[in-house]
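Colleague: I would like to go through the terms used for this model one at a time. Please set each value against its cut-off.

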Amino acid sequence: MKKLSVKTVVAIGIGAALFFVLGKIAIPSPVPNTNISLQYAIQTVFATLFGPIAGLLIGFIGHTLIDATSYGPWWSWIIASAFVGLVVGLVTMKLDINEGIDTKKIVQFNVAQIVAHLLAWGLVAPCLDIAIYKEPIEKLFAQGLMAGTANIVTTGIVGTLLLVAYAKTVVKKGSLNKEN
């Protein structure tokens, strides 16, 4: 297994902390125990910049901290959050945002996050809720639909804006000239 760089480890720590803070600032949705918040925008951007392991750990650590400081760990959704970071990181790992961003990269990022959220909240979380907690199916799919939709929209808007802003701050290779 490839060793994680110091930069990636630091990104995991910062990403998990941001995931936690943003997860605690939530707007209640019409579906019980389901909120609208921005933590997945941060997670998917970090997964795009630092890879699938960073994305997975940011979701796992961040969501575990949110649950541990609220009502106790809800493992099915913690695993689904980790899954989102893993999938986005895997699909976007070749985008190289450090070399700039264009429409094609934005579309790839958004396709990755949409697929990850659909699978996480439409399949992973509900199936694990049934297997682990014996939750009623109707409730689970209502929660999954709400969570997935909210996360796709917030990640699509905020995540895209963050990636574009980040790409504008990066100095491109070969763009600096030595002064005489």
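Colleague: What is the handedness of the crossing of α2 and α5?

Modeller: The crossing of α2 and α5 is right-handed; that term applies if the near helix is turned clockwise from the far one by less than a right angle, and left-handed if anticlockwise. This is a predicted model, where local features need pLDDT of at least 70 and side-chain atom pairs count only at pLDDT 80 or more, while totals for chains, interfaces and linings use all residues. Residues are numbered from 1 along each chain, and side-chain values use heavy atoms, without hydrogens and water.

Colleague: Why are α2 and α5 called oblique to each other?

Modeller: Their axes are 11 Å apart and pack at an angle of about 120°. Angles under 35 degrees count as roughly parallel, over 145 as roughly antiparallel, 65 to 115 as roughly perpendicular and the rest as oblique. The pair α2 and α5 is therefore oblique.

Colleague: What makes α5 roughly antiparallel to α6?

Modeller: The axes of α5 and α6 (residues 137-169) cross at roughly 155° and come within 9 Å. That angle makes α5 roughly antiparallel to α6. The contact of α5 with α6 has 14 nonpolar, 11 polar and 1 charged residues.

Colleague: Where is the kink in α5 centred?

Modeller: The kink, about 35°, is centred on A120; the bend is the angle between axes fitted to the seven residues ending at a residue and the seven starting there.

Colleague: Why is the pair of F19 and Y40 called edge-to-face?

Modeller: The ring centres of F19 and Y40 are 5.1 Å apart and the planes are at 85°, so the pair is edge-to-face. Rings pair if their centres lie within 6.5 Å; planes under 30 degrees apart count as stacked, over 60 as edge-to-face and the rest as tilted.

Definitions and conventions
Helix = DSSP H or I, 4+ residues; strand = E, 2+ residues; numbered from the N terminus. Axes fitted to C-alpha atoms, helices over the stretch in contact; angles between N-to-C directions. Nonpolar A, V, L, I, M, F, W, Y, C, P; charged D, E, K, R; others polar. Phe/Tyr/Trp six-rings, centres within 6.5 Å; stacked < 30°, edge-to-face > 60°.
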